[in-house]
Every structure is written in C-alpha cells, then in structure tokens.
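Keep the model open while reading.

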Amino acid sequence: YLTCEENFNGYFKAPKKAGAEHKRYGITEKTAGYRWHEFDERFDLERHPNEANRFGWIVEIDPWHPEKPPVKRTALGRFKHEGATVTRAADGRIVVYMGDDERFEFLYKFVSRDPYIPGRSDTDTLLDYGTLYVARFGDDGKGRWIALRHGEKQQNFALTAETGFGDAGDVAVRCRQAADLAGATKMDRPEWIAVHPKTCEVYVTLTNNSQRGTPEVPGLNAANPRSKNNFGHILRWREKAGNAAAETFEWDIFAMAGDPQHANEQQRGTIKGDAYGSPDGLWFDPSGHLWIQTDVSTSVLNQGEYANLGNNQMLVADVK
C-alpha cells in the first residue's frame, strides 16, 4: 500500500533568509499557522535547514506484514504527492503515476527497472530501482515522458553537477527543480489518477487554478487552456501501444468542469450531466465507469462561481 504526503510545506518555518530551495516548495517564514516549530525545533529550518528534505515522499506500508517498518520510496521523487496509482507495463514492470498537487506543477510516472513476477520477485526492492519521468503535453495532442536521470545529457538539458545536481539523490530531493529544467508542462493542480481497466487509458483530475491566464501568470497551454480555471478539468491520455512504460502518448481533455449552463464560455462545463467543480478523487470500477469526487473548501462552497453547485459531490461518468 502506497501512501502520500501532500502539504508538508506548511509544517515548517523557513529561515529569515529563505533560499530558493525552500521557496520552490512553498516553505516560508510565515508558515501555515500550525506553530509546530514553537514546540519541536525540528520544524524550525533556521536550526535544522535540511529537515524538510525528510518530507514529501511516497511511503510503502505492507498490511500483510504489520511488523515491518514503513519504507520511504525515494526513487519516486519528492514533491506534494496527491496520489500514487499503480499499474503494470506490457512486460510486467511496475508503473506508478503521480501528481504534484500545486498550481503550475507537474505530472510524473515511475517505471521499475525489473518486472513483477508473482511469487518470484523481491517486492521489498522493486520500487528502489527504475526511472522517474515527468510529462510534457504538446499542443498537437501528443506527449512525451521525459526521463529525470542524473548524468544523462538529453536533447535540451542535463541533470549534472554543472546544472546543480550532484547525484541521483539531488534529483530525487529537488524533483521540482529537475522537472523545471526538463521543460515539463505546468499543470492546474494534478491530483488523482485512474487507469481504465479495459482500455488502459489514463485519466487525471486537474482540480483548479484561479491564477492561470492572469496578467501576472499568463501560462495558457493546450492541456490547461482555461484562464482563471476555477472549476478545473479532467485530462486523459493513451500510452503508445497501450504500454504503460512507453515514453510517448496521445492526449485529450475528457471534460472541462463547471456548469454546462454557465453564461461565460471560459467557465462553462462541457460534460452532459450535472454541474460540478474541482474534481479531485478518481477511480474506475471494474465495468469501466469513472467515479469522480469533488473537493471544494467550505469557504468557497455556495459563493461566487460555486453558488449553484451545492455541496461536494460523488459523480459517475460514462467515458465511452
């Protein structure tokens, strides 16, 4: 069982002169108001500047062996993980899809080096070795998974000592910075990911991004086309040859969330059915129906754009 850690940046109080490393992960001197640093000095980065690097990882728990300690799967990268969806590639390798739940952050996948062979594979180490990728969505409906490998010079970047990455550990700890250098596509808060049980299409919820397309942060792109994206959207892709380990894919937008009757085209929902906003949880049942949970804070519900949407919802979509 893989569990995730999302809003760890709010645990810490940054040094008075917070560096770029802390700022890139949203760690500030202001904190999120938890005040943990007043009672446990480990959360005061003035005293313990590297403590935040212990947070933001995927952790594996083995429910069949509760005596075993949880294991941090550092090869899967450090960021604000919203989920970790596991599937198998055509050759049996394990693939983990992950979203970094923050405005203008990225979509990742990890592909294990070795295949999973039931009854024979060492599952204790299966997620220790492999390749971490970040997604780039082209405006032509095609996409590419860019490998975040230390020391490898790619077409337009390299994660080397010259670019600030001394080893593979640096890439894992400063995963966001590595994805920046790779030129990955900045998304509207990628959250849950689900794989269709029959077609192997992959779906991701992009919850919202009210800052997209504003004068301060223009940044519109084909995969995130809506300015002030208060309602969010759901995007899907098809890996080449249906193989989850493929390095290229084709993509489209499954649905723009919102009210289908909204007067403003930029806020109007495109799905036939109920109005909804901020899709978050995502899961396919065995028959191929897509279940969608929405997640809107209570401070926003019944106000502004959400005034006619009521409470948070559980919906189901026919993706045919």
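The protein chain contains 3 helices and 17 strands. The model is a predicted one. The radius of gyration of the chain is 20 Å, close to the 20 Å that the globule rule gives for 320 residues, so the chain is as compact as a globular protein of that length. Along its principal axes, the C-alpha trace spans about 50 × 50 × 45 Å.

How much of the protein chain counts as buried? The figure is 47% of the 320 residues, where buried means under 20% relative accessible area.

One sheet can now be followed strand by strand. Strands of a sheet pair through backbone hydrogen bonds, either parallel or antiparallel. Here 3 strands form an open sheet in the order β15-β16-β17, with antiparallel pairing. Which strands lie at the edges? They are β15, residues 279-284, and β17, residues 314-318, and each of these pairs on one side only. From one strand to the next, the twist averages 30°.

Strand β16 covers residues 289-294. The link between β16 and β17 consists of 5 bridges, and the two strands run antiparallel. To locate the pairing in the model, find W291, which stands opposite V316 in β17.

Notes:
Residues numbered from 1 in each chain as written. Predicted model: local features only at pLDDT ≥ 70, side-chain atom pairs only at ≥ 80, totals over all residues. Heavy atoms only, no water. Pairing = 2+ DSSP bridges. Helix = DSSP H or I, 4+ residues; strand = E, 2+ residues; numbered from the N terminus. Axes fitted to C-alpha atoms, helices over the stretch in contact; angles between N-to-C directions. Rg over C-alpha atoms; globule rule 2.2 N^0.38 Å. Buried < 20%, exposed > 50% of the residue type's maximum accessible area, 1.4 Å probe, protein only.
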